[in-house]
Amino acid sequence: MLTRLCSASEVPEQGVKQVAPQGLEAEFAVYRLDGQFYATDDMCTHGMVSLSNGDVADGQIFCPLHGGAFDIRTGKATELPCRQALKIYAVVVQGDELFADLG
Ligand code: FES
């Protein structure tokens, strides 16, 4: 089942936006890289920190707490101390709206 994330125009190019879909307890991070949209869990796998407060660079999201990083497209941990991959979700674009199967 697809859940609405946000509007495409709300996600900055080479940037990240935190979304909290209605009816779900978790938050998610939505990214735009070269015009393509990606979504991951918002919580770092190393600690209880919101990745959407971090920086996007070279297709990676850098955690604001310890500087660990993940590949936004694959979720793979790319910088220590992160080791555990980040969960990723395929984003479906319908007009200006972004959706993903978050189940
Ligand atoms: S909490 Fe994210 S790198 Fe430590």
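**Figure 1. Three salt bridges in a predicted model.** By the rule used here, the count comes to three salt bridges, where a salt bridge is a side-chain nitrogen of Lys or Arg within 4 Å of a carboxyl oxygen of Asp or Glu. Side chains of opposite charge can pair when their charged atoms come close. Because this is a predicted model, local features need pLDDT of at least 70 and side-chain atom pairs count only at pLDDT 80 or more, while totals for chains, interfaces and linings use all residues. Residues are numbered from 1 along each chain as its sequence is written, and side-chain values use heavy atoms, with hydrogens and water left out.

**Figure 2. R4 meets E97 in a salt bridge.** The N to O distance here is 2.3 Å. R4 sits in strand 1 (residues 3-7) and E97 in strand 11 (residues 97-100), so this pair ties together parts that are 93 residues apart in sequence. Strands (E, at least two residues) are DSSP runs, numbered from the N terminus. With relative accessible areas of 40% for R4 and 23% for E97, each counts as partly exposed, a term for values between buried (under 20%) and exposed (over 50%), using a 1.4 Å probe and protein chains only.

**Figure 3. K17 pairs with E10.** Look for their side chains meeting at 3.6 Å, N to O. K17 is partly exposed at 22%, and E10 is partly exposed at 39%.

**Figure 4. D34 and R73 join two loops.** Their salt bridge spans 3.8 Å, N to O. D34 lies in the loop between strand 3 (28-33) and strand 4 (36-41), and R73 in the loop between strand 7 (69-71) and strand 8 (77-79), so the pair ties together parts 39 residues apart in sequence. D34 is exposed at 60%, whereas R73 is partly exposed at 38%.

Conventions:
Helices (H or I, at least four residues) and strands (E, at least two) are DSSP runs, numbered from the N terminus.
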